[in-house]
Amino acid sequence: MNYEAVIGLEVHVQVRTKSKMFSRTAAGYGLPANTLTDPVVLALPGALPVMNRAALDQVVKAGLLLGCEIAAVCKWDRKNYFYPDSPKNYQISQYDQPICAGGSVEIELPGAARNVMGEHKRIPLTRIHLEEDVGKLSHDAGGSVIDFNRAGTPLMEIVSEPALRSADEAFAFLTALKAVMIYGGISDCDMEKGQLRCDANISIRPAGEAKLGTKVELKNLNSISFVRDGIAHEIRRQLAVAERGGTIVQETRDYDGQTGASQSLRSKEMAHDYRYFPDPDLMPVRVDEAWKARLRAECPELPFDRQRRFLERYQVPYTITSVLVPDRELGDYFEEVAQLSGEPHLAGNWIINTCLQFLNDGQLAGVPDLRTKIPPARAADFIRKRAAGAITSAAAAGVSSAMLTGTASTDEIIKAQGLDARADAGELEQWCRDAIAGNPKALADFKSGKESAINGFKGPVMKAAKGKADPRQVDETLRRLLAQA
Amino acid sequence: MKPAGSPALFHQTVAALAAQLEARQLSAVELMRAVIARTEAVEERVQAFNSHDAADALAQAAASDARRAAGQARGPLDGIPVGLKDVIAVEGQPLTASSRMLANFVSPYDGTAARKLKAAGAVCWGRLNLDEFAMGSSTENSAFRTTRNPWDLERVPGGSSGGSAAAVAAGEAIVSFGSDTGGSIRQPAALCGIVGMKPTYGLVSRYGLIAFASSLDQIGPFARTVEDAAIALGAVAGHDPLDSTSVPVEVPDYRAELAKRRGPWKLGIPKEYFGAGLDPEVGAAVEAAIGHYRKLGCQVREISLPHTKYAVGAYYIIATAECSSNLSRYDGIRYGHRAAGAKDVVDLYFQSRAEGFGAEVKRRIILGTYVLSSGYYDAYYLRAQKVRTLIRRDFLEAYKEVDAILTPTSPTPAFKRGEKAADPLAMYLSDTYTIGVNLAGLPGLSLPCGFTRDGLPIGLQIIGQPFAEAELLAIAQAYERDHDWVGRHPEL
């Protein structure tokens, strides 16, 4: 029998705010244990929560970016359960009135090749709600210890419809969601810091069947690759059960990304009764049109929209946009340089080759550093001169390095590096003659009609010219001499 | 009973003591010494305090005297010994809720009430006993001691703020603060013959008040006179950004307002509050008080609060539901009682909570857990909330015709120790007249309106409109002015 997989994701995203969800204490990561605490975070007797409006702003913004319907009122509920990492033994969350409903995430599936854009589709969302994170419980030989630094950090739960059909789609969903969150400044989504966490609900059913199969919840998928691997593993496990005529049991399983195996945590019979009820400590907060309008004005263009616009408006290839678009700041930089120079293709190539090299090898600390050291106007000046042939490709790297380390103008660098001292025609002709003489095979090829054989002469000429030759002039001279040869 | 005259320092009012402090006829240290001496003399019999720190109180009093000497006195409460129910967090002081669970807990922070009282110069004096986690009406549910009624040591002081009421009645504090979830200030005030006030929900910050039922709890004062209650309330009232349920309203100078509001008022008498279960002596005293208002020219009319009969039921669903969740934090993990020898974390929860909580607290946690459980929520909690809305509507409807409502505070005077301890339902019914006020979020005040033949105090409850505390206090003072109940003190 042919089966299809049905996957829904529950993604927890830590919302970037200065302070915690319900107290004034700072939210942060990597600090000594239990330093980001106060009476509210530790749930001391008498402490009360007060909502952080900045966190609500962030989730409303996320909802607007993902096309969700924003509730008119933000209402808080208590989710009651005992666990040592939960200081109050209830979590303040949103039960029956999530702040965002509906919406979707646009995903891109892998293309046929790296340089080919894959299929796009929209994965509908069920809801997004806001809640508070818990502390971190760890165990060692001495016993169990709890760090409450994370407790109370604003946390968004994004629930997808069971509309994903493969591990690859789940991977694409998380990649796209992460990009939107980063674009919106909503979260840094650093999975290593636990800023993005994912649980998956997975079931299989005979292809074409409308009814959903029994679902298994997969937990602790703590990297995007583990999400893909864990889901693929779970689908295989369920298929194997189905194929030997077994029954899939509703349960929660824990996936270990290191070993690639999963084990059952609990079955449905042990499901919690969370006894949700409206939190009497928190008044519902009205989210009016003016509030939404203010946040809508802050919403950036979405990554895939930007990609489509770059492709169309600047006519740059997918290989460039697919590198530029995931990083909002890099995309911004590209767009400015492209517009100022009028040479988007050259600008894009320069950024993804030269600038990314500087970023990768540590000569630049990040895109803001790039922007400071090589402001777009200066980069555009460089790109224009490249396009005009004033800077050859052989000379480009040297000029780029000089721009990075100094503040001289492109013209000054050209002068300083002697690039303006153009070879005279006689000199150029001699280099060309030498090159033709030095490569009889290429000469023969060219004569027999192989047009590209001309490139075999250009290398030696450019090398001899040490950047002083204009490629167009070289091309013309070679063609003239070859015609005579 | 002593006649009114020039009472001992510890029986005087804030207003009188503040005048003496202001005139330098008295120092805060002298006053504190008098209160400490009184406490030492009677506390063994009254048992109002869970703990007190005389040296610390004297240091606070000395600081008050120094301020005054420097011309920096902070108003009428500066240097006045103020007792606090042991659910109100004061930095560095024990905070036990009269529970084994918190027997050794010391608050590392000031709640808003404590912060404001300190800012007013009050001496935070002692931790006053209560029914564990404010659950009870007799202060017999304390894990540590049973507070006695100063008017009859065989009787209860009421509850849950029994220690706060008894301390003021016995001269162990000049004023005190308690918390009122279903009558926990007004009922003990009535039973101990003093003034007690529950403000409108949202007037006083709950930040730093150990929660029993969040949507019902309010901090309020116990005082010997209406004027003292006005002074004390003014010190703690006002919007607090640390409590989302605190309401941003203008807080008037309640004491100054007293003189400006002279009535006559239109007063409502709810027929549902004068039925079966009302002690005849209490009924007669309340009727007499109503008669007095008539004499003052007030229009008195019968009104109806038709959903009153559902109040106790709705209350015990809402309050227990909220408490079952509020008390989850007491788990033996971060602070508080932790059972020894637990096998695992679940066992640790079970044992710590089994050992840490008393029977009434457990009963309410179980009730509350039940009513919130999947499948029961709609039938209990949701329905109780609807009843609550109807009860509030009853009151607001009545306020279209009357300025305030008069009722007995408690159906009976102070009952004997142990009399209702074994019968939770009878105990719950002692809050019949006070619970509606909490459900509706209204301000309510109890003031003395006489004594039974056995010499037990009787309380008149006056229920005001939302945030109309100034009017409510003025109405109460209009009665108080013409009676000498204030001058009576229990013989101890």
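## A strand covered on both faces

Both faces of strand S4 of chain B are covered. B:Val175, B:Phe177 and B:Ser179 are buried on one side, and B:Ser176, B:Gly178 and B:Asp180 on the other. A residue is buried if 20 or more other C-beta atoms lie within 10 Å of its own, exposed if 12 or fewer, and partly exposed in between, with C-beta atoms placed from the backbone. S4(B) spans residues 175-180, and six of its six residues are buried. Helices (H or I, at least four residues) and strands (E, at least two) are DSSP runs, numbered from the N terminus.

This is a predicted model: local features need pLDDT of at least 70, side-chain atom pairs count only at pLDDT 80 or more, and totals for chains, interfaces and linings use all residues. Residues are numbered from 1 along each chain as its sequence is written, while chains are lettered from A and ligands numbered from 1 in the order in which they are written.

## Strand pairing

Two strands pair if DSSP finds at least two bridges between them. S4(B) runs parallel to strand S2 (residues 81-85) of chain B, joined by three bridges. Here B:Gly83 has B:Ser176 as its bridge partner. With strand S6 (residues 218-223) of chain B, S4(B) pairs in the antiparallel sense over five bridges. B:Ile219 in S6(B) stands opposite B:Ser179.

Chain A has an open sheet of three strands, ordered S5-S4-S16, with antiparallel pairing. Its edge strands are S5 (90-93) and S16 (277-278), each pairing on one side only. Four bridges link S4 (residues 77-80) of chain A to S5(A). A:Tyr90 is the bridge partner of A:Asn80.

## Nonpolar cores

A nonpolar core is a set of buried Ala, Val, Leu, Ile, Met, Phe, Trp, Tyr and Cys residues joined through C-beta atoms within 7 Å. The largest has 224 residues. A:Val59, A:Ala170, A:Phe173 and B:Val82 have the most contacts inside it. Helix H2 (residues 167-183) of chain A gives the largest share, twelve residues. Another core, of 30 residues, lies apart from it; A:Trp350 and A:Leu370 are among its members.

Two residues are in contact if their C-beta atoms, placed from the backbone, lie within 7 Å. Not counting residues up to four places away in sequence, A:Phe173 touches A:Leu9, A:Val105, A:Ile107, A:Ile123, A:Ser160 and A:Leu164.

## Helix H15 of chain A

Helix H15 of chain A covers residues 455-465. A:Phe457, A:Val461, A:Met462 and A:Ala465 are buried. The buried residues pack against helices H11 (393-405), H13 (425-437), H14 (440-447) and H16 (471-484) of chain A. A:Lys466 follows H15(A), with a positive phi near 50°.

Chain B divides into domain 1 (9-263 + 462-480) and domain 2 (312-370); the bounds come from an automatic or database domain assignment. Their centres, taken over C-alpha atoms, are 28 Å apart. In the contact, 20 residues of domain 1 meet 18 of domain 2.

B:Gln461 is found in strand S11 (residues 457-463) of chain B. B:Gln461 is buried, with 28 other C-beta atoms within 10 Å. Its C-alpha atom is 9.8 Å from that of B:Val195, 266 residues apart along the chain. Leaving aside neighbours within four places in sequence, its contacts include B:Arg186, B:Thr407 and B:Tyr433.
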